[in-house]
Amino acid sequence: MSENAWPAEWLRGVLEPCVLRVLADGPTYGYAIAERLADLGLGRLKGGTLYPLLGRMESSGYVTVEWRAGAGGPGRKFYELTEAGRTALADATARWEQFTTTTRSILAPAADRPDPTPEVL
């Protein structure tokens, strides 16, 4: 697990696609999603960040919710990706790839940037 503390504004931009990606591996519950994201290097989510997002994803039709009995403990709310959620994940993944390519190009030292398209006179 990474101990990086990513800026909150970066996390706001990437959290939904990351949660969708975790859910693409199968139904799971909020705490497990948070642990998986931490293990993958996103860091620990602050309380009140993940569950409102999951609620918005449910409202958007990206996930379905099911209560399941806990093994010796309280029940857990499991989230499962829908087809609309899979489409949203594919779209977000493609757009994020374009965004990171653009920002890497901007942030690279000038000598490492590709030559700009020559101007047509």
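Biologist: Which residues of the largest nonpolar core touch the most other members?

Modeller: In soluble globular proteins, nonpolar side chains tend to be buried together. A nonpolar core is here a set of buried Ala, Val, Leu, Ile, Met, Phe, Trp, Tyr and Cys residues joined through side-chain atoms within 4.5 Å, where buried means under 20% relative accessible area, exposed over 50%, and partly exposed in between, with a 1.4 Å probe and protein chains only. The largest nonpolar core has 21 residues, of which V19, L23, I33, L37, L54 and M57 touch the most other members. Two or more residues of this core come from each of α1, α2 (30-39), α3, β3 (76-81) and α4, and α1 gives the largest share, seven residues. Helices (H or I, at least four residues) and strands (E, at least two) are DSSP runs, numbered from the N terminus.

Please keep in mind that this is a predicted model, in which local features need pLDDT of at least 70 and side-chain atom pairs count only at pLDDT 80 or more, while totals for chains, interfaces and linings use all residues. Residues are numbered from 1 along each chain as its sequence is written, and side-chain values use heavy atoms, with hydrogens and water left out.

Biologist: What does M57 touch, not counting residues up to four places away in sequence?

Modeller: Contact means heavy atoms within 4.5 Å, and with that sequence limit M57 touches E16, V19, L20, L23, Y62 and V63.

Biologist: Is T82 buried or exposed, and where is its place?

Modeller: T82 lies in the loop between β3 and α4, and T82 counts as buried because its relative accessible area is 16%. Leaving out residues up to four places away in sequence, T82 touches G61, Y62, V63 and T64.

Biologist: Which residues of α4 are buried?

Modeller: An α-helix has 3.6 residues a turn, so residues three or four places apart point the same way. The buried residues of α4 are G85, A88, L89, A92 and T100, and what covers them includes α1 and β3. With 25 residues, α4 reaches 36 Å from its first C-alpha to its last, close to the 36 Å expected at 1.5 Å a residue, the expected span being 1.5 Å times one less than the number of residues.

Biologist: What volume does the largest pocket have?

Modeller: Rolling a probe the size of a water molecule over the atoms shows where empty space is left. On a 1 Å grid over the protein atoms alone, a pocket is an open set of points where a 1.4 Å probe fits, with protein on both sides within 12 Å along at least five of seven lines, and lining residues have an atom within 4 Å of a point. The largest pocket has a volume of about 410 Å³. Of its 17 lining residues, A8, L11, R12, L45 and T49 are the closest to its centre. The largest share of this lining, five residues, comes from α1.

Biologist: Which element supplies the largest share of the lining of the second largest pocket?

Modeller: That share, six residues, comes from α4. The second largest pocket has a volume of about 310 Å³, and its lining includes W6, W10, W96 and F99.

Definitions and conventions:
Points joined across faces, edges and corners; volume = space filled by probe spheres on them.
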